[in-house]
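I opened this notebook to record what I looked up, entry by entry. The structure comes before the notes.

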Amino acid sequence: MTRKVADCRRFPSETDCSLTITGEEDEVIRAASEHAVSVHKHKDSPALREQIRQMLEDEQASA
């Protein structure tokens, strides 16, 4: 299974957040949504989780 990455640096924010979350898709969505709520003051919702799912990228294999 390909690991997924959510990287806050790809999106502008007032806090200049640099957090990157890597793991299996469900883990990353759960952690990223919790981060979005607690740090970026988003409201947790199915729409937020779907938005996060759409922004996920495959992890690049390290050499």
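Entry one: S33. I looked up S33 and found it in helix α1; helices here are DSSP runs of H or I with at least four residues, strands are runs of E with at least two, and both are numbered from the N terminus. S33 has 0% relative accessibility and therefore counts as buried (buried means under 20% relative accessible area, exposed over 50%, partly exposed in between, with a 1.4 Å probe and protein chains only). A polar atom of the S33 side chain lies 2.9 Å from the backbone oxygen of R30. Setting aside neighbours within four places in sequence, I listed D44, L48, R49 and I52 as contacts of S33, where contact means heavy atoms within 4.5 Å.

A note on the source. I am reading a predicted model, in which local features need pLDDT of at least 70 and side-chain atom pairs count only at pLDDT 80 or more, while totals for chains, interfaces and linings use all residues. Residues are numbered from 1 along each chain as its sequence is written, and side-chain values use heavy atoms, with hydrogens and water left out.

I placed L48 in helix α2. L48 is buried, with a relative accessible area of 8%. Not counting residues up to four places away in sequence, L48 touches S33, A36, V37, H42 and K43.

Two packed helices are described by the angle between their axes and the distance between the axes. I found that the axes of α1 (residues 25–38) and α2 (residues 46–55) come within 9 Å and cross at roughly 120°. The axes are lines fitted to C-alpha atoms over the stretch in contact, and angles run from 0 to 180 degrees between N-to-C directions. α1 and α2 are therefore oblique to each other (under 35 degrees is roughly parallel, over 145 roughly antiparallel, 65 to 115 roughly perpendicular, and the rest oblique). On the α1 side I listed E25, D26, I29, R30, A32, S33, A36 and V37, which meet L48, R49, I52 and R53 in α2. By class, this contact has 6 nonpolar, 1 polar and 5 charged residues (Ala, Val, Leu, Ile, Met, Phe, Trp, Tyr, Cys and Pro count as nonpolar, Asp, Glu, Lys and Arg as charged, and the others, Gly among them, as polar).

I found D7 in strand β1, and at 13% relative accessibility D7 counts as buried. The side chains of D7 and T20 are joined by a polar contact of 3.3 Å (a pair of N or O atoms within 3.5 Å; within protein, one must be able to donate a hydrogen and the other to accept it, and residues adjacent in sequence count only if both atoms are side-chain atoms).

E57 lies in strand β3 (residues 57–58) and counts as partly exposed at 37% relative accessibility. A polar contact of 3.3 Å joins the side chains of E57 and R10.

Where is D16 found? I located D16 in the loop between β1 (4–7) and β2 (20–23). D16 is not a glycine, yet has a positive phi of about 50°. D16 is exposed, with a relative accessible area of 66%. I found K41 in the loop between α1 and α2, with a positive phi near 65° in a residue other than glycine. K41 counts as exposed at 65% relative accessibility.
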